[in-house]
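Welcome! Here is a short briefing to read alongside the structure. Take a look at it first, then follow the topics below.

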Amino acid sequence: MTILLYLVPAALGLGLLSLAAFMWSLRSGQYDDLDGAAHRILNDDDVRID
Amino acid sequence: MKIAADYSSFLRPEADGRFNLELAIEGISSADSIVEIEGALASIPGLSRARLNFTTRRLTTEWTEADCDPSPAIRTLERLGYRVAPFVSDVEESEEDRYTRWLLRCLAVSGFAAINVMLLSVSVWAGNVTDITPETRDLFHWLSALIALPAAGFSGQPFFYKALRALRQGDMTMDVPISIGIILALGMSVYETAHHAEHAYFDSALMLIFFLLSGRVLEHAMRKRTRSAAANLAALRNPVASKISPDGHMSDVPSDALVAGDLILVTAGSRIAADGVIEAGQSQIDASLMTGETELAAVKPGDLVYAGTFNHHGALTIRVSAAGSRTLLADIEKLIDEALTSRSRYVQIADRIARVYAPVVHIAAALTAMMWIALGTSVHDALIIAIAVLIITCPCALALAAPVVQVITAGALFQKGLLIRSGDMIERMAEIDTIIFDKTGTLTLPEPSLIDASQLSDGALLMAGRLALSSHHPLARAVSEAVREKQKRLEPYPDAQEITGSGIQCVIDGVEARLGSPSFCSLPAPLWNENASVLAFRYGSEAGLVYVGQSLRPDAVETIKKLKTKGYHVMILSGDHADIVRKVASELGVSEWRGHVLPKEKRDLLVAMKEQGRKVLMVGDGLNDAPALAAATASLSPATGADLTQASADAIFTGKRLSPVFDMLTLTRKGKRVMIENFGLALIYNLIAVPLAVLGFVTPLIAAAAMSGSSIIVALNALRARRAETFNS
């Protein structure tokens, strides 16, 4: 059962990692325009002015 | 006189030294607009970034300097056929945004915790029937507790706070049994874990939180969508007021920013942005939004004018007087307040169920414990079974039953151009049996429109439409709007000139074209026609008259007919002259109507009808309708209505058609039916699960399966609310 010493922290760590990723994406505004993101990916030539 | 709109006062400084301007955009029909808009703005000087939010229909622009002039950008967009207005987000909206983000964070935490605890729980369940050692089980339970306790403490907050608030007010909502269920499940599990027991309910508690939060997040996302659409409409309707500062300098400011004592200029063909007294200028104004009367009223210096009235002829200089507004507005607001308190007494089905449900389950749990003790079981075991009853009856499906239907119905209504203020109006709207329409701006189109252009050839009409784009006069706008319906991309002539009081002229291919008064186009003035105003067009030798006036919404006759065949009782109450109301009523085939009705009379008539037991829907746009809208069982206002009117309506409808009224009624009826079905399903779940729990058969595995199963069934059933008979089906 010593395998649990690795597996449990690994499972929890992966979960926490994805939770952190979600929080980051939420904070950086990636959920502000879901409809737009769905269409933008189809544009070949994104116009960037910065 | 024509003032170029100066939007630079709307630039907001950003942390990185740039300046931000948010614009509400109307006319986005497809995703091509993203490229079109952002591409067109690429070469505007001073503009460092432009990004269109396709969901909210808002364009965020960033400017390098505070004194950049955003007007070229706005002109570019207007040339592409979009309507643009500076947008200043209000406190309420950003507050709501923050709350939605917080809910999402709670959802993420509960989701993460639920997955990981379930991973551990499944191992325990599998181990319990095979060969798990008690030590390993304890380890897994403690690990679960380690994850579940902080996660539930964080992500359960939305329920805990609401439950506390309800209890403090001596009220009972679903949040109370939910919170009790969560806390008991966690408490019991910790106690059981400490005593090396086989069963713990950490996973149930977390799953419950996760499901309920998903419902709330959806609800808020829907509300956010309708709210931002409504805010855009408001911004587009009344973008700016031209303020004259004491040194004579003129600037455009948001009309909300005006204070008493400010001097503003209102040009011909625009809405008056604030209440005030006329200092200079003479004109005729259309006060139909206030009184319902369509006849123009002459105004002169010294007269009091109200926000929302339409200035038809001359430029007016107005001294803003907040004090002046108190007289009329305060009266109307008082009527609205009285009416709204009566409406808030309506208790939603969910709350009615919650009031009975919570005491019933808690008593059932207590009786269960007593029964088991009486049968000779140990107090510990009896309490465990009683708590299992509370966990299994924790109203997950019941709490989701109404909100998921509200989300689906609100989404379907949104697609039909209806923006609802809150989900709870669906139940009230579904009960309607009588519909009262206001006339001006509700049955008729809010702006004057082209009613006869038969004297002009198609080519001449197209030219007239392009000429008309160079003027903001309401009659010219009626012509350009009518032409734009046939040809979406309509460009103004670059060298068209507006001659105030006469019309617009321009040389096209060497020949002069004119659009304006008959004398301006060298045509004899026609006979006076009370129903229409006249414009003339001349291009070389070709000339003709066009008539512009109040016309019914294009599908008004058909909508009224459909409503009547559905069994609704239809009436017209208008502040306008009886003769005009009679004509409209006969055209629509409505036998019950009244003209010359004052705001208070409208409300009193409505209250009288409600006392007869009728459920009344009021549809109106004017300030004079606002008290009636608030007093009605449910109310609807067109997006062009006065601000205060929209604030007291349950929903607003956009566009030129009247059919949304029909769609609103059918979709909400269907929504309510599905809602009741959902409550039935949740009840059936309880009828099966509670006896099992009382008899002590419920294990954490059964609890998890039953809870998620019932929630999913309720959510799937809610999808059916989308399918209702609508106007076009």
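The expected span of a helix is 1.5 Å times one less than its number of residues, where helices (H or I, at least four residues) and strands (E, at least two) are DSSP runs, numbered from the N terminus. By that rule the 25 residues of helix α1 (residues 3–27) of chain A should span 36 Å, and the end C-alpha atoms are 36 Å apart, so the two agree. This is a predicted model: local features need pLDDT of at least 70, side-chain atom pairs count only at pLDDT 80 or more, and totals for chains, interfaces and linings use all residues. Residues are numbered from 1 along each chain as its sequence is written, while chains are lettered from A and ligands numbered from 1 in the order in which they are written.

**Chain A**

- Chain A has two helices and zero strands.
- Of its 50 residues, 0% are buried; a residue is buried if 20 or more other C-beta atoms lie within 10 Å of its own, exposed if 12 or fewer, and partly exposed in between, with C-beta atoms placed from the backbone.
- In α1(A), the count of buried residues is zero, which leaves this helix hardly covered.
- Just after α1(A) comes G29(A), with a positive phi of about 80°.

**Chain B as a whole**

- Chain B has 23 helices and 28 strands, and 47% of its 729 residues count as buried.
- Along the principal axes, the C-alpha atoms of chain B fill a box of roughly 105 × 65 × 50 Å.
- Among contacts in chain B with a separation of 6 or more, 68% join residues 24 or more positions apart; two residues are in contact if their C-beta atoms, placed from the backbone, lie within 7 Å.
- Chain B is divided into domain 1 (1–87), domain 2 (92–238), domain 3 (239–272 + 276–320), domain 4 (417–445 + 553–666) and domain 5 (449–549), with bounds that come from an automatic or database domain assignment.
- The C-alpha centres of domain 3 of chain B and domain 4 of chain B are 29 Å apart, and their contact takes eight residues from domain 3 of chain B and 13 residues from domain 4 of chain B.
- On the side of domain 3 of chain B that touches domain 4 of chain B, there are two nonpolar, five polar and one charged residues; Ala, Val, Leu, Ile, Met, Phe, Trp, Tyr, Cys and Pro count as nonpolar, Asp, Glu, Lys and Arg as charged, and the others, Gly among them, as polar.

**Where the chains meet**

- Chain A brings 20 residues into contact with 24 residues of chain B.
- On the chain B side, α1 (32–40), β3 (47–53), α3 (91–128) and α4 (134–155) each supply at least two residues, and α3(B) gives the most, with nine residues.
- By class, the side of chain B that touches chain A has 14 nonpolar, six polar and four charged residues.
- β3(B) also pairs with strand β4 (residues 58–63) of chain B in the antiparallel sense over six bridges; two strands pair if DSSP finds at least two bridges between them.
- L47(B) stands opposite W63(B) in β4(B).
- These two strands form a hairpin with four residues between them, and R57(B) in the turn has a positive phi of about 60°.

**The nonpolar core**

- The largest nonpolar core has 160 residues, and A205(B) and L206(B) have the most contacts inside it; such a core is a set of buried Ala, Val, Leu, Ile, Met, Phe, Trp, Tyr and Cys residues joined through C-beta atoms within 7 Å.
- Helix α12 (residues 396–415) of chain B gives the most to this core, with 14 residues.
- Beyond its neighbours within four places in sequence, A205(B) touches A148(B), A152(B), I182(B), A185(B) and L186(B).

**A seven-strand sheet**

- An open sheet in chain B has seven strands in the order β16-β28-β27-β26-β17-β24-β25, with mixed pairing.
- At its edges stand β16 (418–420) and β25 (593–594) of chain B, each with a single partner strand, so one side of each has no neighbour in the sheet.
- β16(B) runs antiparallel to strand β28 (residues 651–653) of chain B, joined by three bridges, and I420(B) stands opposite A651(B) in β28(B).
- Strand β26 (residues 616–619) of chain B runs parallel to β27(B), also with three bridges.
- In strand β27 (residues 634–638) of chain B, five of five residues are buried: A634(B), L636(B) and P638(B) point one way, and S635(B) and S637(B) the other.
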